[in-house]
Amino acid sequence: MSSKEGINSEYFILASGSEIRKKILSEEGFNFIVETSMIDEESLKKEITSLSFQSKAIALAEAKAKEVSKKNLNIYVVGADQLCVCDNKIYNKPGNKEKALKNLNALSGKVHHQYSGISICLEGNVIWSFCDISSLTMKKLSNEELLSYIQKDKPYSCAGSYKYESYGADLFSKVNGSKFSILGLALNPLMSAFDELKISFKK
């Protein structure tokens with residue numbers, strides 16, 4: 001329980017509309033509700049172009065959490081964001097089959113990194129942030145193999161253009177990092193932060 005008087009410690013708010021983040025937290029037994037942040041991500045990304053990839057992921061997670069926290073002052077808010085990076089280039093959500101194929105061809109046979117930024121806010125202020133970094137080596141795959149994968153998973157809303165929780169895991173020959181962080185939620189660091197803050201949202 002929170003030691004701060006008047007602070008709700010029964011549940012927290014997830015400032016993200018991501019279905020996979022909701023699924024992870026639900027399966028881990030957390031009490032939470034969802035309130036999607038309304039920040040202008042594209043404008044923010046332009047403002048933080050000079051930051052490192054790690055700092056960018058944190059800045060995006062913090063911005064989401066702060067925006068929701070300012071409207072819910074007595075509730076802990078968790079924000080998360082993810083960047084897929086290969087050869088110093090960010091690969092955003094593709095949105096369609098053509099862009100997904102282009103992205104996967106660029107990642108094929110190479111090592112890339114997933115930066116999973118996460119933040120906790122309370123009363124409109126950031127009280128904790130972290131970025132967990134995973135590295136993934138993709139097999140060298142043909143255009144036809146990649147098209148076949150895309151048809152199965154339709155990973156159009158995924159950073160990196162693959163669903164690691166589904167058939168996407170089969171695309172890789174080597175993976176270093178947490179499965180949860182690769183999916184977009186740095187779960188283990190978040191749980192450690194809850195422990196340090198002496199709060200528990202488990203059912």
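## A tour of the pockets and a strand

By class, 14 nonpolar, 10 polar and nine charged residues make up the lining of the largest pocket, where Ala, Val, Leu, Ile, Met, Phe, Trp, Tyr, Cys and Pro count as nonpolar, Asp, Glu, Lys and Arg as charged, and the others, Gly among them, as polar. The model is predicted, so to speak of local features pLDDT of at least 70 is needed, side-chain atom pairs count only at pLDDT 80 or more, and totals for chains, interfaces and linings use all residues. Residues are numbered from 1 along each chain as its sequence is written, and side-chain values use heavy atoms, with hydrogens and water left out.

Select Q82, K93, S157, C158 and A159, which among the 33 lining residues are the closest to the centre of the largest pocket.

## A tour of the pockets and a strand

By class, 14 nonpolar, 10 polar and nine charged residues form the lining of the largest pocket; Ala, Val, Leu, Ile, Met, Phe, Trp, Tyr, Cys and Pro count as nonpolar, Asp, Glu, Lys and Arg as charged, and the others, Gly among them, as polar. This is a predicted model, in which local features need pLDDT of at least 70, side-chain atom pairs count only at pLDDT 80 or more, and totals for chains, interfaces and linings use all residues. Residues are numbered from 1 along each chain as its sequence is written, and side-chain values use heavy atoms, without hydrogens and water.

The largest pocket contains about 670 Å³ of space (a pocket is an open set of points on a 1 Å grid over the protein atoms alone, where a 1.4 Å probe fits, with protein on both sides within 12 Å along at least five of seven lines; lining residues have an atom within 4 Å of a point). Select Q82, K93, S157, C158 and A159, which are the closest to its centre of the 33 lining residues. Next colour β3, which gives the largest share of this lining, four residues (strands are DSSP runs of E, at least two residues, and helices runs of H or I, at least four, numbered from the N terminus).

Now select strand β1, residues 8-14, where five of the seven residues are buried (under 20% relative accessible area, with a 1.4 Å probe and protein chains only). Three bridges join β1 to β3, and the two run parallel (strands pair if DSSP finds at least two bridges between them); look at N8, whose bridge partner in β3 is I75.

Notes
Grid points are joined across faces, edges and corners, and a volume is the space filled by probe spheres set on the points. Buried means under 20% relative accessible area, exposed over 50%, partly exposed in between (1.4 Å probe, protein chains only).
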